[in-house]
Number of protein chains: 2
Amino acid sequence: MTTPTDLHQRMRAKRSFLCVGLDTDLRHVPEHLRQCEDPVFEFNRRIIAATAPYAVAYKPNLAFYEALGPSGWRSLQRTLEIIPEDSFTIADAKRGDIGNTSDLYARAFFEQMNFDAVTVAPYMGRDSVAPFLNYPGKWVFLLALTSNPSAADFQYHTDAGQPLYEKVVRTATAWAAEAPGHLGFVTGATRPEQLGAIRALAPEAFFLVPGVGAQGGTVSAVAEPGRNDQLGLLVNSSRGIIYAGSGEDFAEKAAEKARSLQLQMAPYFADAPAP
Amino acid sequence: MTTPTDLHQRMRAKRSFLCVGLDTDLRHVPEHLRQCEDPVFEFNRRIIAATAPYAVAYKPNLAFYEALGPSGWRSLQRTLEIIPEDSFTIADAKRGDIGNTSDLYARAFFEQMNFDAVTVAPYMGRDSVAPFLNYPGKWVFLLALTSNPSAADFQYHTDAGQPLYEKVVRTATAWAAEAPGHLGFVTGATRPEQLGAIRALAPEAFFLVPGVGAQGGTVSAVAEPGRNDQLGLLVNSSRGIIYAGSGEDFAEKAAEKARSLQLQMAPYFADAPAP
C-alpha cells in the first residue's frame, strides 16, 4: 500500500515525478531481442533497469499486452515482478462498467496483478468507479481531460458553464471524500491552459499527466499550472522514452531521455535533501 | 464478416433478437463443474449448446476473463471457437484510448479473437473510436445511455438542450457515414423512455440493449420504442439466463429462460417464414 505521503517521499528522494509508460509493442522491439523466449519482457526488463534511477512510476498500457493474447498477460505479470519495490505501478486500462463488472476488473488489476493504481473512464458514472475507488489502499486515476486531439468532442460538452471534464472532477472529488488522496485525475499535457482550472477544483489530488514527448507536451508547461503545494503530479512519457532508440543501445537511449526529463523536474525539489 | 442484412436474416430465421451475455464468474460455476480442467469453458460450452436455438448473438464480458489472468484468456478463446458459425459475437470490452492504443485493442478483439463486434466507450472522442470503426467488416457498439443506476451522473450533462448521450449518438453517426450499419449504440433497457429519442437520432443503427432480466428491463418495454423498420435491436441478458439455475440442471434452466425471452420476441417476426 502506497499513500500520497509515501509517493511524495519517493519523488523527493529521486527529485523526479516521472512515470515511464510501458507501451511495449512487439513490432517495435529491437531486432536483437526478437529471438528471446519472451521479447516483450526482455525489452521491459532492460527499459526498467535503465530508467529506474530517474522514474518514480511505471505505467503499462494494457492494450499492448492484450493484443498478444495469453502470452501478453504472462509478459505483463513477469514485468510487474521486476519493477523495483520503490516504484509506483499504474495499470493504464481506462476501464469502467456496471458495478459487478467493475468489481471484477478491480480484482484483476489490484489482486491478480497487484498494481497500485488503475486508470478508469468516467462515462458510466459513480457505480462504475466505486469498485476501484473503494479498494483499500489502491488508487484510481479517472479520465478528466485527455491528451488526444479528439478529447474536445465530448469533454468540452458544457452544461451551465461547466464543461464535462470539470463536472467529472468536481463530482468525483465528492465521491472520494472517504478515501482522500486515492483519487487522481488524468489531465493531458497537451492542454496546459486547462490544467490550472482543474487544479483549482481538486487541490489535493494527484494528476497523471500523459502527452509529454511523442504527443508534444513539455514538463515546464504542465508543472507550473498543474502542481499543488506538495507537487501532486506524475508526468508520463511512453514512446518518447522507450522508443528513443531502436538498435542494440535502445536502453541507453531510453535512460538518456528519462534523465533529461528528470533534470527538468529536479528544480521542483530544490528544498529536498540532496539525493 | 457479417452485414446488417446478414444479421437481420439470422434474426428472422430464429425469430429472435436475443444476445446471451457470457459473464461467467468462476465463483458462480456450479459445483459439479469446478473439478474440470477449464470450468469456465465447460460452463460456457453447456450454456451455448442449451441456448443456441433461441439466441442470435453471444457477448462475453471481458472483465470476467481478465479477472482470471492468462487462464481466463484461454477459456475465452476456447469459448469463441465453439460459438456456432451463425451467431454474432460481441466483445463487451468498453475500451477507448488514444489512437495508437485503440488500434491495438482493435487488433486484440478483431484479429487475435475474431469477434464480430466490440463495445467502445466514447469519452475520448473520435480518434479513440476510429480504429475500431475503420476495421473492415467489423462492428462497434458505442456506449450511449447505459443501464446502470449512475448513468445519469454524466450522460445527462446537457449542452444547449442536448444531453451528452444524444450528443454521442448524433456525433458518432456522422463519423460512421463511410461504414453505415457497422456503428451501433448501447442503450440500456432500464431507460425505455429515452430509447425512442435515440432511435429518432439514429434510425438505421443497431442498438445493443442490456439490462433485461437481472437489471429489471423487459422485452416489450424496449422493443416498441427501440426498434426500427428492420428491427435493428439486440436485447442482451446475462445473469438472468446463465445463472437461472445453480445446480446440475443449470443449462436446462438457462435454456428455459432464453426460450421464454425468445417467445416474447417472436411476435416481432410475424411476417417471417415459419422457422
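Q: Is helix α6 (residues 126–133) of chain B mostly covered or mostly open?
A: Mostly covered: six of the eight residues in α6 of chain B are buried. Buried means under 20% relative accessible area, exposed means over 50%, and partly exposed is in between (1.4 Å probe, protein chains only). Helices (H or I, at least four residues) and strands (E, at least two) are DSSP runs, numbered from the N terminus.

Q: Before we go on, what kind of model is this, and how are things labelled?
A: It's a predicted model, where local features need pLDDT of at least 70 and side-chain atom pairs count only at pLDDT 80 or more, while totals for chains, interfaces and linings use all residues. Residues are numbered from 1 along each chain as its sequence is written, chains are lettered from A and ligands numbered from 1 in the order in which they are written, and side-chain values use heavy atoms, with hydrogens and water left out.

Q: Back to α6(B): which residues are buried?
A: D127(B), S128(B), V129(B), P131(B), F132(B) and L133(B).

Q: And what covers them?
A: The cover includes strands β3 (88–95), β4 (117–120), β5 (139–145) and β8 (183–187), plus helices α5 (99–112) and α8 (164–175), from chain B. Contact here means heavy atoms within 4.5 Å.

Q: Where does R15(B) sit?
A: In the loop between α1 (4–14) and β1 (18–22) of chain B. R15(B) isn't a glycine, yet its phi is positive, near 45 degrees. R15(B) is buried, with a relative accessible area of 18%.

Q: Switching to chain A, what about L231(A)?
A: L231(A) also isn't a glycine, and its phi is positive at about 120 degrees. You'll find L231(A) in the loop between α10 (219–226) and β10 (233–237) of chain A. Its relative accessible area is 1%, so L231(A) is buried.

Q: How many helices and strands does chain A have?
A: Twelve helices and ten strands. The radius of gyration of chain A is 18 Å, close to the 19 Å that the globule rule gives for 275 residues, so chain A is as compact as a globular protein of that length. That radius is taken over C-alpha atoms, and the rule is 2.2 Å times the number of residues to the power 0.38.

Q: How much of chain A is buried?
A: Buried residues make up 63% of its 275 residues.

Q: How do the two chains superpose?
A: A rotation of 180 degrees, with 0.0 Å of shift along its axis, puts chain B on chain A (RMSD 0.0 Å). The two copies are thus related as by a two-fold rotation axis.

Technical notes: Least-squares fit on C-alpha atoms with pLDDT ≥ 70 in both.
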